[in-house]
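Here's a quick briefing to go with the model below. Have a look at the fold, then come back for the side-chain details.

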Amino acid sequence: IPGSSVTNWQQELNTADGTGGATYTSFSNPDYSNGTAVFTGTITGDGVTTSNDTGIWTGSTSGTPSLLVREGDTAPGSSYAFANFEAPYIGTSGTVVFKATAGSYPNSDLGIWAGTPGSVSTVAYHGEAAPGGGNYYTNGLKLGGMAGDVIVFTSQSTDDYTYKVYA
């Protein structure tokens with residue numbers, strides 16, 4: 001917004017929370033609501049590999065962001081580890097929602113998760129029962145974002161392979 005103030009909240013080489021001292025190397029996919037921000041970050045440092053170098057951090061822009069999830073963490077509701085994150089969104093209460101891949105090909109599925117640091121749960125995961133019948137299906141599982149604190153997404157249903165919108 002023209003005329004508003006801008007501050008430097010995080011930058012490369014800052015220590016990333018929840019990583020044992022790793023530092024940020026890049027940022028992407030920022031979102032903001034009511035004084036709280038979320039972003040996807042890439043890190044480097046001792047013990048960091050290509051299997052755990054990306055995560056999602058969130059927090060008040062007047063404080064330090066906290067790690068929400070990281071590649072290599074077991075995805076709630078799955079036996080697989082997070083392997084890839086798409087852009088996260090943040091709701092008015094600070095809840096973060098994101099779409100991710102859990103596992104690696106050929107044993108991988110897409111899902112949508114939501115929560116706050118220390119409390120992330122599954123919203124929709126391939127193969128889970130979907131409201132109105134059928135199960136969520138990886139093909140067509142698309143996160144639309146958040147409106148306030150309402151998560152909006154689509155999925156193809158396994159019962160009749162039609163696409164449905166969920167909120």
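Is Glu-86 buried, partly exposed or exposed? With a relative accessible area of 39%, Glu-86 comes out as partly exposed. Keep in mind that this is a predicted model. The protein chain is built from strands, twelve of them, with zero helices.

**The salt bridge**

- The structure has one salt bridge, and it joins the side chains of Lys-99 and Glu-86 at 3.7 Å, N to O.
- Lys-99 sits in strand S7 (residues 96-104), while Glu-86 is in the loop between strand S5 (82-85) and strand S6 (89-90), so the pair ties together parts that are 13 residues apart in sequence.

**Aromatic pairs around Tyr-24**

- There are eleven aromatic pairs in the structure.
- One of them is Tyr-24 with Phe-39, an edge-to-face pair with 5.7 Å centre to centre and 70 degrees between the planes.
- Tyr-24 belongs to strand S1 (residues 23-33) and Phe-39 to strand S2 (residues 36-44), so this pair links parts that are 15 residues apart in sequence.
- Like Tyr-24, Trp-57 is buried.

**An aromatic cluster**

- Phe-82, Phe-85, Phe-98, Trp-113 and Tyr-125 make up one aromatic cluster.
- Phe-82 and Phe-85 from this cluster fall within the range of strand S5 (82-85), and Phe-98 falls within strand S7 (residues 96-104).

**The chain as a whole**

- Read along the sequence, the pattern is β-β-β-β-β-β-β-β-β-β-β-β.
- Of the 167 residues in the protein chain, 42% are buried.
- Among contacts in the protein chain with a separation of 6 or more, 34% are between residues 24 or more positions apart.
- The protein chain has an accessible surface of about 8300 Å², and carbon and sulfur atoms account for 49% of that surface.

Notes: Residues numbered from 1 in each chain as written. Predicted model: local features only at pLDDT ≥ 70, side-chain atom pairs only at ≥ 80, totals over all residues. Heavy atoms only, no water. Phe/Tyr/Trp six-rings, centres within 6.5 Å; stacked < 30°, edge-to-face > 60°. Helix = DSSP H or I, 4+ residues; strand = E, 2+ residues; numbered from the N terminus. Buried < 20%, exposed > 50% of the residue type's maximum accessible area, 1.4 Å probe, protein only. Salt bridge = Lys/Arg side-chain N within 4 Å of Asp/Glu carboxyl O. Contact = heavy atoms within 4.5 Å. Areas by Shrake-Rupley, 256 points an atom, 1.4 Å probe, with all protein chains shown as cover.
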